[in-house]
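Try each task before you read its solution.

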Amino acid sequence: MGEKRLFHSVAEQIAGLIKDGIFPAGTRLPGERELAERFDVSRVTIREAEIALQAIGRIEIKTGSGVYVCEEQPSDGSKLPAVSAFELTEARSLFESEAAALAARNISDEDLKNLEDLIDQMASADDAVSTDADQQFHILIAKASGNAAIVHTIETLWRMREELPEVKATYESICETDASYRAKEHQQICDALLARDPAAARTAMREHFHRLIEAMLDASEKQALAEVQQRASESRERFLSTARLG
């Protein structure tokens, strides 16, 4: 079993330790190096396992602070954590890039044809149709990886995209302005899969998410600037009105 396939097993073992009280709620998990030694895997595998556990609400990854066991544990694995669109996109890039690399070796001609059809549907003026085609495109690639754990993780990440209001709103605002980029990037992913080139498929998927994060950053900057300008305008009107009263 390749190391990329180990994270699901490691995630289950860590979840078991949380359930048994070895890692109590609210406590900080040991560092990546210690966990890697404990489970005899790489730190990359630990990182992937932690992302999977965060996706189902068992742990919380706090940048610069560490990884903490959530106070409330989901009973059925269905609870979604409160993540930002940036965090979600980072996780999607990690998992979906590797899924694409695996899919390049396994994908069928029928699946490739279906991907082409989905790319055509993404050009639809109907946002619901376009988003559904986008989701089907990524899930189909996950399934073509041949790894059930990867499929489950990527389906959960898509749940976050659709079910977390702030994340959904962020994605929708970006998708309204990047239709041409999206079509080109998905075609590049499809072309890499058609060539059965794992490295090219990984790169194409990674570049797709890199560009998406850049678009989110641009949108965030514009929103922040607009809010500053709005506050300045309101202050200007208020103080000028006060001055006129004198």
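Buried means under 20% relative accessible area, exposed over 50%, and partly exposed in between (1.4 Å probe, protein chains only). This is a predicted model: local features need pLDDT of at least 70, side-chain atom pairs count only at pLDDT 80 or more, and totals for chains, interfaces and linings use all residues. Residues are numbered from 1 along each chain as its sequence is written, and side-chain values use heavy atoms, with hydrogens and water left out.

**Exercise 1.** Decide whether glutamate 96 is buried or exposed, and find its partners.

Start with the place: glutamate 96 sits in helix α4 (residues 85–106). Helices are DSSP runs of H or I, at least four residues, and strands are runs of E, at least two; both are numbered from the N terminus. Next, the area: glutamate 96 has a relative accessible area of 1%, so it is buried. Its side chain makes a polar contact of 2.5 Å with that of histidine 138. Such a contact is a pair of N or O atoms within 3.5 Å; within protein, one must be able to donate a hydrogen and the other to accept it, and residues adjacent in sequence count only if both atoms are side-chain atoms.

**Exercise 2.** Find which residues of α5 are buried.

They are Leu112, Leu115, Leu118, Ile119 and Met122. Seen down the axis of α5, these buried residues fall within an arc of 115° (taken from the directions from the helix axis to the C-beta atoms), so they line one face. On the other side, Asp109, Glu110, Lys113 and Asp120 are exposed.

**Exercise 3.** Find which residue stands opposite isoleucine 61.

Isoleucine 61 faces valine 67 in β2.

Conventions:
Pairing = 2+ DSSP bridges.
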